[in-house]
Amino acid sequence: MPSPPPPDFASLSLGEIARLVEENRLPPVESWNPTHCGESEMRIARDGTWFHQGSPIGRMPMVRLFSTILRREPNGRFVLVTPVEKLDIEVEDAPFQAVEMKAEGSGESMKLAFRLNTGDLVTAGPERALRFDDTADGPRPYLHVRAGLEALVARSVYYELVQIALANGSNPAGIWSDGAFFAVEPAA
């Protein structure tokens, strides 16, 4: 049976998003330890597009399904894992992209929720930190999704974060979400 389409992010309150995040039950990939079987012939491009054998995967339900069995190994390698097989997958940057953001509250009581390119919802906070890397291409913001998996924050969403950080007036400039503070400046 196909999975239901993701909810309409724009119409959800942060309370509804928090409930949906809590209800989201993913496969227990961290407890599966099958023997490594080889390459999946899959790649996640820097822009979040999933490919198989060089062609983009056009069916979003397939991408969503594969994203639920994605795991990052202790050595940093990415794999697709089931109870009986483990296959390498190439990830050019981060396996997800945070493509939309919703904010409620202000200052220390602010909460931020993000919609990923897979339709998943993530609320930033102590367990799901925002971090900012400084690269030759400029700042690269990331959101922790789960178990070592991150989402690259889309440029448009990054600009929204910077506006919030500047409006906070904190030094260093940063953003609060769910009681945690995230400095916009990259960590040394």
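Mentor: Two strands pair if DSSP finds at least two bridges between them. Helices (H or I, at least four residues) and strands (E, at least two) are DSSP runs, numbered from the N terminus. This is a predicted model, in which local features need pLDDT of at least 70 and side-chain atom pairs count only at pLDDT 80 or more, while totals for chains, interfaces and linings use all residues. Residues are numbered from 1 along each chain as its sequence is written, and side-chain values use heavy atoms, with hydrogens and water left out.

Trainee: Thanks! How many helices and strands does the secondary structure of the chain come to?

Mentor: Let's start with the whole chain. Of its 188 residues, 42% count as buried, where buried means under 20% relative accessible area, exposed over 50%, and partly exposed in between (1.4 Å probe, protein chains only). The secondary structure comes to 3 helices and 14 strands.

Trainee: In what order do the strands of the open sheet with β12 stand?

Mentor: Look at the edges, β9 (121-123) and β10 (130-135): each has a single partner strand, so one side of each is left without a neighbour in the sheet. The twist averages 40° from one strand to the next; axes are lines fitted to C-alpha atoms, for helices over the stretch in contact, and angles run from 0 to 180 degrees between N-to-C directions. The pairing is mixed, and the 6 strands follow the order β9-β8-β7-β12-β11-β10.

Trainee: Which residue stands opposite F96 in β12?

Mentor: Strand β7 (residues 96-104) and strand β12 (residues 149-153) run parallel and are joined by 3 bridges. Along this pairing, Q97 stands opposite L152. The residue opposite F96 is A151.

Trainee: Over how many bridges do β11 and β12 pair?

Mentor: These strands form a hairpin with 2 residues between them. In the pairing, Y142 stands opposite L152 of β12. The sense is antiparallel, and the number of bridges is 4.

Trainee: What is the phi of A147 near?

Mentor: A147 is placed in the loop between β11 and β12. At 62% relative accessibility, A147 counts as exposed. Its phi is positive in a residue other than glycine, near 35°.

Trainee: At about what angle does helix α3 run to β7?

Mentor: Helix α3 (residues 155-168) lies across β7, β8 (111-116), β10, β11 (138-146) and β12. Contact means heavy atoms within 4.5 Å. The angle to β7 is about 35°.

Trainee: Is K102 buried or exposed?

Mentor: K102 is found in strand β7. Its C-alpha atom and that of F114, 12 residues apart along the chain, are separated by 6.4 Å. At 16% relative accessibility, K102 counts as buried.

Trainee: What is the angle between the planes of F132 and Y158?

Mentor: Rings of Phe, Tyr and Trp (its six-membered ring) pair if their centres lie within 6.5 Å; planes under 30 degrees apart count as stacked, over 60 as edge-to-face and the rest as tilted. A search of the whole structure finds 3 aromatic pairs. F132 and Y158 form a tilted one, with 6.3 Å centre to centre and an angle of 50°.

Trainee: How many residues apart in sequence are the parts that the pair of F132 and Y158 ties together?

Mentor: Both residues are buried, and ring pairs link F132, Y158 and Y159 into a cluster. F132 lies in strand β10 and Y158 in helix α3, so the distance in sequence between the parts tied together is 26 residues.

Trainee: Which peptide bond is cis, with omega near 10°?

Mentor: Go to the loop between α3 and β13 (174-177), where P172 has its place. The cis bond runs from N171 to P172.
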